[in-house]
Amino acid sequence: MKIIEKNKKAFFDYEIEEKYEAGIVLKGWEVKSIKAGDVSLKESFCFVFGGEVFLKNAHIAPYKMGVAFEKQDSRQDRKLLLNKREINKLIGKIKEKGLTVVPLMIYLKNGRIKMEIALAKGKKLFDKKQSIKEKDIKRDQEREMSRYK
């Protein structure tokens with residue numbers, strides 16, 4: 001498994017509850033662009049419409065060697081491929097608990113592009129400050145431990 005892009009902002013802004021693996025419906029130039037690493041998940045999110053899950057606002061840069069006459073929209077909605085059971089579970093949790101679905105990362109698995117999505121709950125401001133504090137403490141501990149090695 002080769003990780004192409006991680007959504008670090010999602011881990012900071014949300015508490016992750018459940019993770020799912022989904023395929024993505026892509027065009028040929030999008031696959032080439034993703035494999036080249038020209039993708040960004042910042043400010044992207046997932047939504048459910050008509051019993052299907054879609055990825056919105058993910059930026060996939062137009063492929064540089066692509067066909068000039070084909071329209072290449074970098075921020076179009078992309079369909080995610082999940083089992084019907086998983087989609088129904090997502091819909092139920094979103095309605096019941098007020099959770100949201102966020103993309104966590106895009107990666108290659110057995111030559112196919114996959115996306116890890118998660119049911120997440122938004123953090124409050126004090127939770128974000130606590131996360132920063134814990135991260136700083138962990139970094140300081142690692143620095144101290146490296147001095148004594």
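A cavity is a set of points on a 1 Å grid over the protein atoms alone where a 1.4 Å probe fits but cannot get out. By this rule, the count for cavities of 30 Å³ or more comes to 1. The model is predicted. The protein chain has 149 residues, of which 32% are buried, and its secondary structure comes to 4 helices and 9 strands.

**Overall layout**

- Along the sequence, the elements of the protein chain follow the pattern β-α-β-α-β-β-β-β-β-α-β-β-α.
- The C-alpha trace spans about 60 × 40 × 30 Å along its principal axes.
- Of the contacts between residues at least 6 apart in sequence, 69% join residues at least 24 apart.

**Strand pairing around β9**

- Strand β2 (residues 14–24) runs antiparallel to β9, and 9 bridges join the two.
- In this pairing, Y14 stands opposite G122 of β9.
- Strand β8 also pairs with β9 in the antiparallel sense, over 9 bridges.
- I106 has M115 in β9 as its bridge partner, and I106 and M115 are both among the residues that line the largest cavity.
- β8 and β9 form a hairpin with 2 residues between them, and N110 sits in the turn.

**Helix α2 and its cover**

- Helix α2 covers residues 28–35, and its buried residues are W29, E30, S33 and I34.
- Seen down the axis of α2, these buried residues fall within an arc of 135 degrees, so they line one face of the helix.
- In general, an α-helix has 3.6 residues a turn, so residues three or four places apart point the same way.
- The cover over the buried residues of α2 includes strands β1 (2–6), β3 (39–40), β6 (59–60), β7 (78–81), β8 (100–109) and β9 (112–122).
- Just after α2, G37 takes a positive phi of about 90 degrees.

- A61 has its place in the loop between β6 and β7.
- Buried means under 20% relative accessible area; A61 has 16% and is therefore buried.
- Leaving aside neighbours within four places in sequence, A61 is in contact with W29, S33 and D38.
- W29 and S33 are also among the buried residues of α2.
- A61 and S33 are 28 residues apart along the chain, and their C-alpha atoms are separated by 6.5 Å.

- E43 is not a glycine, yet has a positive phi of about 65 degrees.
- E43 lies in the loop between β3 and β4 (45–49).
- Exposed means over 50% relative accessible area; E43 is at 67% and so counts as exposed.
- N110, also a residue other than glycine, has a positive phi near 55 degrees.
- The loop that holds N110 is the one between β8 and β9.
- With 76% relative accessibility, N110 counts as exposed.

**The largest cavity**

- The volume of the largest cavity is about 30 Å³.
- The residues that line the largest cavity are I24, L26, I34, L55, A58, I60, R78, I106 and M115.
- By class, this lining divides into 8 nonpolar residues, no polar residues and 1 charged residue.
- I34, one of the residues lining the cavity, is also one of the buried residues of α2.

**The largest pocket**

- The largest pocket holds about 170 Å³ of space.
- Its lining consists of K8, F11, F12, K123, S131, I132, E134 and K135.
- The elements that give two or more residues to this lining are α1 (8–13) and α4 (125–147).
- α4 gives the most to the lining of the largest pocket, with 4 residues.
- The lining of the largest pocket has 3 nonpolar, 1 polar and 4 charged residues.

Methods. Residues are numbered from 1 along each chain as its sequence is written. This is a predicted model: local features need pLDDT of at least 70, side-chain atom pairs count only at pLDDT 80 or more; totals for chains, interfaces and linings use all residues. Side-chain values use heavy atoms; hydrogens and water are left out. Buried means under 20% relative accessible area, exposed over 50%, partly exposed in between (1.4 Å probe, protein chains only). The arc is that of the directions from the helix axis to the C-beta atoms. Contact means heavy atoms within 4.5 Å. Two strands pair if DSSP finds at least two bridges between them. On a 1 Å grid over the protein atoms alone, a cavity is a set of points where a 1.4 Å probe fits but cannot get out, and a pocket is an open set with protein on both sides within 12 Å along at least five of seven lines; lining residues have an atom within 4 Å of a point. Grid points are joined across faces, edges and corners, and a volume is the space filled by probe spheres set on the points. Ala, Val, Leu, Ile, Met, Phe, Trp, Tyr, Cys and Pro count as nonpolar, Asp, Glu, Lys and Arg as charged, and the others, Gly among them, as polar.
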